[in-house]
Amino acid sequence: MGVSQFASEIMRGTGWGRLRARVARMTRRDDAEDLLHDAWIAVAEHTPVAQNPAALLARCAANRGIDAYRREQRIGRMLVSDRAAPADGIADDGPLQDELVIARHRLERLRLGVARLNPRTREILLMHRLEGRKYREIALDLGISQSAVEKHIARAMAELAEWMEHW
């Protein structure tokens, strides 16, 4: 039986959709379409003589699913056993080197911008942002109104936004 006869036998007997559903039931995997396609390529290359081509194709696809499952399990065990030592195959979730360099430059730029602020504005901004103090507390400590603190913070933020924007 040639490849075209094999294909027509598959399509006449069960159809691709039914065959895919059958493979999905047999393997309980989401990639049944891929397994079936790989099996089709492998079977078509060898042009088999089969009494039930659909069954042959389904069994080949299921075997590929079993192989994939075993491979995934083996890789999973390797990853668990290598957890103490850094594994080459695991992606690093940390920032990339260029992201770190850019972040350092931005931080330095921000530090320079804060240094350029009026000393009183800088003091109020740092009390609020670094120490986490409320406007009312800053106003009481410095002997100024809460409105003045708000204006200093607003001025600092506007100047820093402009400073960072033109970088």
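Let's start with a helix pair. The axes of helix α7, residues 135-142, and helix α8, residues 146-165, come within 8 Å and cross at roughly 110°. That angle makes α7 roughly perpendicular to α8. On terms: angles of 65 to 115 degrees count as roughly perpendicular, under 35 as roughly parallel, over 145 as roughly antiparallel, and the rest as oblique. Axes are lines fitted to C-alpha atoms, for helices over the stretch in contact, with angles from 0 to 180 degrees between N-to-C directions. Helices are DSSP runs of H or I with at least four residues, strands are E runs of at least two, and numbering starts at the N terminus.

A word on the source. This is a predicted model, where local features need pLDDT of at least 70 and side-chain atom pairs count only at pLDDT 80 or more, while totals for chains, interfaces and linings use all residues. Residues are numbered from 1 along each chain as its sequence is written, and side-chain values use heavy atoms, with hydrogens and water left out.

Now the whole chain. The protein chain has eight helices and zero strands. Of its 167 residues, 27% are buried. Buried is under 20% relative accessible area, exposed is over 50%, and partly exposed lies in between, using a 1.4 Å probe and protein chains only. Take contacts between residues at least 6 apart in sequence: 59% join residues at least 24 apart. Contact means heavy atoms within 4.5 Å.

Next, charges. How many salt bridges does the structure hold? Four. Each needs a side-chain nitrogen of Lys or Arg within 4 Å of a carboxyl oxygen of Asp or Glu.

One joins R111 to E108, with the closest N and O atoms 2.6 Å apart. The two sit three residues apart in helix α5, residues 97-116, so about one helical turn separates them. R111 is partly exposed, at 47% relative accessibility. E108 is partly exposed too, at 36%.

Then there is a network: salt bridges link E131, R133, E137 and D141. R133 pairs with E131, closest N and O atoms 3.4 Å apart. D141 also pairs with R133, and there the closest N and O atoms are 1.6 Å apart. Buried or exposed? R133 is buried, at 19% relative accessible area. E131 is exposed, at 52%.

Last stop, L160. This residue is found in helix α8. L160 is buried, with a relative accessible area of 8%. What does L160 touch, leaving aside neighbours within four places in sequence? L110, G113, V114, L117 and L125. L160 and R111 are 49 residues apart in sequence, yet 9.7 Å apart in space, C-alpha to C-alpha.
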